[in-house]
Amino acid sequence: MLKFSFSILFVLFCYNCFGQQLFSRDSLLLDLPSQQKLLFHFENPQLVRTQLKDYNIGEAELSFQHRKGEYRRAKDAYQQNLAEFNAFGISQIDSFIISGHFKFNRIWEDSLANTLQGINDDVSPFYYFVEKSGRYERQNFNGNVQVRYAGFNPYFQPGLKFDYNMHWTTRSVDPRPNVASVAIRFNPFISSQIGKGLISGGFLFGYGDEESGIAYKNPMYGTSMLFPDRIYYTNQGFGYISQKDSSNMRKYDQYLGANLAYSLQSERIELYSALRFERKITNSTFDQKMRKQYYKRSEFNLQTLNSQTQVHWKQSSEKQHLFFLDFIYQRGLDLNYNLRSANYLVTNTNINLNYAYQNKLWTLGLGGDWQSMDKLDAAAAHQHTYQQLKLQVQIRRIFNIGKNFLETELIPNYTMSLSNKLTVPSTQVNVFTKSIVYPDFDYFNLEPVGVDFNLAYVLPKAMKMRGAKLFLRNQFLTVLGEPNKNNLSLQKDKYNLWQAQIGARFSL
C-alpha cells in the first residue's frame, strides 16, 4: 500500500502540466487563504471544478514529531515519537477528475498506562485497560481514492469515493495487546455545476472489524493475583468493568450516512462548505461473526454530524480575509446485553472558529475552540461533564531571503476550564475510577498557557517542482501558579508539555 502511494506521487510528479489554472505558483507557498482552499479541495475533491485543459496538482510531506510532558490525560503517554508520510493529489484527464490521499505513520509511545486500546477513542466503550505502564508501538495506514466523470453535462457528474483505514498496535510489557483493525467505506455521489456554484450530494456505507488479543510472556503475571497492576480489565461503559476476559475481543462495525457539499466562487468572495452525517454501529463480542450462534455483548450506536465552512474575501490584491468554522457533534448510546438494557450514554460537541487577515507578507488571526463532553454510566453511576475553551492569537510574518523566503509564526494560546463536574458514589469506586476517571477530572481543572513558535524555509523553485518547504514547529504548554491542591488523583510537581515537529513538504 505504501508502494502504491509512492507510485501515485511519481505519476503526479511526471504529469507536470498544472500551469496556473487553479492557483498561482507563489500563492500556494506564501498565501494562507490559498493553502486553506487547496486543503479543502484535497479533503472534498467532489467540489473541484473541471477546467478547459488537463491539470495535475499534488503535495507530499514527510515529518518527524516528538512530544514529552506531564500535562496529559490518563490514557496519554508521557513521551511519544511519530514518523509520518502524507501524499495528496488531484488530476483532470479529459472528463475524469481523479484524486487520492494516502497517509502512513508509525508511533512509538513510552510510559503509557490505563489502556490496551488500538486507536485512542475517547467516546466508545468496550476496550481493555491495565494500570501497568509500558512501551507501545502503533502503525496506521489511511487512504482514499475518488473518481468523477464530468463528460455527460455540467449538471450530472457522477463519482465514487473509496476510503480504506488499517491499524495495528502492540506493546513490550505484560500484559501484551495485539490489536488489528480495518475499515472500508464507499461514497457514491453526484456533483452539479450551476452558474458560479457547485453542489454535490451522496451517501456512504461501509464496514469494519477489529480483533484485540491479550497475552503474557511471563506466565506468572497471567495467573497470579499478587501483581494487581498487571491485571487487565474490560471497560464496558464508563466505570462498569469486568476482570480478565480470557477470549479475544472482536468488534464489527457498520457505517451508513450521507454528505452534502457546496462551493460558490466569484471575483471577490469564495465560499466552501461540506456537511457529513455518519452512523456507526459497533457490535462487541467474543464470537466470530460467521458462527451460527453469534452472541453480542454490546451494541454501540454512534451518530456523528460534521460541518466545515470556509469563506475567502479578497478585499484587494494585497488584503485578504479568511473565515473558517468547523463543527462536530457526536451522540452515542450503548446497549449492554449482559445488563439487558442501555447503560452508557455520551455526547461530544466541538466548535472551532477562526479568522485571519492577510496583508502582503503579514497575517494576523484570532481563534477559539470550544469543547463539551458528557459521559454517563448507569450501572456504575459514573457521570463526568466538562467544558473547555481555548483562545489563541496568530501572528505570521514572511521575510525575503534572496530568491527564497523565511516564514515565521507565533501563536500564543490559553485554555480555560468553563465547567467540570464529576459524580461517583463512594460505593462504586473501582480501579477504573482511580486510574482513569479521577486523573481526567483533575486534568480538566487545569488551565494551561502556551505558545507555538514555527519556522519554515520556502523554496519557490526546487527540483523542477512548484516549490518546497522545510519546516520546524514547536509547541510549549505549562500551568502557571500552583495546580489545584484538591486533586482526586496523585498531584504532579509540574504540568508541562513540549512538542516539536520537523519535516519537508513538496508541491508537485
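Residues are numbered from 1 along each chain as its sequence is written, and side-chain values use heavy atoms, with hydrogens and water left out. Because the model is predicted, local features need pLDDT of at least 70 and side-chain atom pairs count only at pLDDT 80 or more, while totals for chains, interfaces and linings use all residues.

**View 1. A look into the second largest cavity**. Searching the whole structure turns up three cavities of 30 Å³ or more. A cavity here is a set of points on a 1 Å grid over the protein atoms alone, where a 1.4 Å probe fits but cannot get out. Grid points are joined across faces, edges and corners, and the volume is the space filled by probe spheres set on the points. The second largest cavity holds about 140 Å³ of space. It is lined by 19 residues, and Asp122, Tyr127, Phe238, Lys375 and Phe432 are the closest to its centre; a lining residue has an atom within 4 Å of a point.

**View 2. Who lines that cavity?** Two or more lining residues come from each of β17 (382-401) and α5 (431-443). With four residues, α5 gives the most. Helices (H or I, at least four residues) and strands (E, at least two) are DSSP runs, numbered from the N terminus. The lining divides into nine nonpolar, four polar and six charged residues. Ala, Val, Leu, Ile, Met, Phe, Trp, Tyr, Cys and Pro count as nonpolar, Asp, Glu, Lys and Arg as charged, and the others, Gly among them, as polar.

**View 3. A three-stranded sheet with α5 lying across it**. The strands of this open sheet follow the order β4-β9-β10, with antiparallel pairing; two strands pair if DSSP finds at least two bridges between them. At the edges, β4 (127-129) and β10 (241-243) each pair on one side only. From one strand to the next, the twist averages 30°. Three bridges join β9 and β10, and Tyr233 stands opposite Gln243 in β10. Helix α5 runs at about 95° to β4. Axes are lines fitted to C-alpha atoms, for helices over the stretch in contact (heavy atoms within 4.5 Å), and angles run from 0 to 180 degrees between N-to-C directions.

**View 4. Two buried residues, Tyr232 and Gln65**. Tyr232 sits in the loop between α4 (219-223) and β9 (233-235). It counts as buried because its relative accessible area is 6%, and buried means under 20% (1.4 Å probe, protein chains only). Gln65 belongs to strand β1 (residues 55-69) and is also buried, at 17%. Beyond its neighbours within four places in sequence, Gln65 is in contact with residues including Asn81 and Gln499.

Technical notes: 1 Å grid on protein atoms, 1.4 Å probe; cavity = no way out; pocket = protein on both sides within 12 Å on 5 of 7 lines; lining within 4 Å. Buried < 20%, exposed > 50% of the residue type's maximum accessible area, 1.4 Å probe, protein only.
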